[in-house]
Amino acid sequence: KGMLSKNNDSALHYLSRSTEKVSSDIQFDVSNNSLDSAPIFAYLEYAKLLRKNNKIDKAQENLKYFEESLGQSLNEEWRKTLKRENDICETAKLLIANPVNINITNLDKVNSKYPEYGPVLSADEQTMIFTSRRKLKTGNGNQPKDLIDFKYFEDIYISKKDNEGKWGEPKLISDKINTSGHEATIGLSVDGQQLLIYSAQEDPQGDIYYSRLDGKDWSKPVPFQALNSKASETHACFSADGKTIFFTSNRKGGYGGYDIYRVTMLPNGEWSKPLNLGPKINTEFDDRAPFIHPDGKTMYFSSKGHNSMGGFDIFYTYLSENGWDE
């Protein structure tokens, strides 16, 4: 997997060579096979990589080879997988043929050579809070790295626009929020007074915390109990009036993978129990990262399901009198 992400050309080259010498044995055992042969699953992996590189027709060609190689092993589960992969390819062809023109501008002072992501904006669009895995400018030079991916730990930064409308140099948001572990931004209330944070400090699965802005100081984050469970909670956002929170969880009872839920504020000021948004939005795949428009009716989210063209795509839906639209 590391090779696939770091060296795309090499991955295409070696998977292409693998498909030239495929073993017909589905129970492929490398100890009993020559290094000159490969399992039939090479066709499937090669097809996925071709699709990611916009070589759609060739991807579908290799999906066909994989289907034929399965032979009597082509059960209902594999039929479902092949249909899904072909549907993704068909959507990809449609979207590639109908591109949308957009402008992407690099935020020079905000970005670094390290990862930056998860930006949240204040309603006046003058303040941005985001996550970065950059090397700190201060310290003794022995800043620790995560032993899983060997990158610097996540920290939360804040940047403000100047009088010319340009983003200023980011600063660490607060020692009360940032620790030696991971902290990531996921949501900000419209008034900019409540920051939602993802952290796995106390629960390895990951929970949602919140911090309040008191004057110029942010409070120490505390778990958002109404949202959290023994499972993983990774994303959340406030509605414009602050009385509804949409969030993501992979807890039991959903439709599969991560689902999108919501809680609403009750008349007594307490939060309701979480409600799954239902099968119009949630799929058997991962559905994550909800963002509710200020109109309170349009929601954007990321999903590996629906009519995706591969991986996570961005979708939107509208809340009508009959519930969420397709």
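Strand S1 (116-121), strand S2 (127-132), S5, S10, S14 and S15 each give at least two residues to the lining of the largest pocket. Strands here, like helices, are DSSP runs numbered from the N terminus (helices H or I, at least four residues; strands E, at least two). The model is predicted: local features need pLDDT of at least 70, side-chain atom pairs count only at pLDDT 80 or more, and totals for chains, interfaces and linings use all residues. Residues are numbered from 1 along each chain as its sequence is written, and side-chain values use heavy atoms, with hydrogens and water left out.

Stay with the largest pocket. A pocket is found on a 1 Å grid over the protein atoms alone, as an open set of points with protein on both sides within 12 Å along at least five of seven lines; a cavity is a set where a 1.4 Å probe fits but cannot get out, and lining residues have an atom within 4 Å of a point. The largest pocket holds about 1,100 Å³ of space. That volume is the space filled by probe spheres set on the points, with grid points joined across faces, edges and corners. Its lining counts 36 residues, and Gly-118, Pro-119, Val-120, Leu-121 and Phe-291 lie nearest the centre. S1 supplies the largest share of this lining, 6 residues. By class, the lining has 24 nonpolar, 10 polar and 2 charged residues. Ala, Val, Leu, Ile, Met, Phe, Trp, Tyr, Cys and Pro count as nonpolar; Asp, Glu, Lys and Arg count as charged; the others, Gly among them, count as polar.

The second largest pocket has a volume of about 660 Å³. Of its 23 lining residues, Lys-48, Arg-51, Lys-52, Glu-85 and Gly-311 are the closest to its centre. Two or more residues come from each of helix H3 (41-52) and helix H5 (76-97). H5 gives the most, with 6 residues. The lining of this second largest pocket divides into 7 nonpolar, 5 polar and 11 charged residues.

A nonpolar core is a set of buried Ala, Val, Leu, Ile, Met, Phe, Trp, Tyr and Cys residues joined through side-chain atoms within 4.5 Å. Buried means under 20% relative accessible area, exposed means over 50%, and partly exposed is in between (1.4 Å probe, protein chains only). The largest core has 19 residues, and Leu-63, Phe-66, Leu-70 and Leu-82 have the most contacts inside it. H3 supplies the largest share of this core, 6 residues. Leaving aside neighbours within four places in sequence, Leu-63 is in contact (heavy atoms within 4.5 Å) with Leu-44, Ala-47, Leu-82, Glu-85, Asn-86 and Cys-89. A second, separate core of 13 residues includes Ile-208, Phe-224, Phe-247 and Val-263.

Now turn to the sheet. Four strands form an open antiparallel sheet in the order S14-S15-S16-S17. Two strands pair if DSSP finds at least two bridges between them. S14 and strand S17 (323-324) stand at the edges with a single partner strand each, so one side of each has no neighbour in the sheet. Strand S14 (residues 287-292) runs antiparallel to S15, joined by 4 bridges. Arg-288 stands opposite Ser-302 in S15. S14 and S15 make a hairpin with 5 residues between them, and Gly-296 in the turn has a positive phi of about 75°. On the next pairing, 6 bridges join S15 to strand S16 (residues 313-320), again antiparallel. Tyr-300 stands opposite Tyr-316 in S16, and Met-299 has Thr-317 as its bridge partner there. Strand S15 (residues 298-303) is largely enclosed by the rest of the structure, because 5 of its 6 residues are buried.

Ser-239 is in the loop between strand S10 (233-238) and strand S11 (244-249). Ser-239 is buried, with a relative accessible area of 8%. Asp-175 lies in the loop between strand S4 (171-172) and strand S5 (184-188). Asp-175 is exposed, at 73%.

Last, the whole protein. There are 5 helices and 17 strands. Buried residues make up 40% of the 326 residues.
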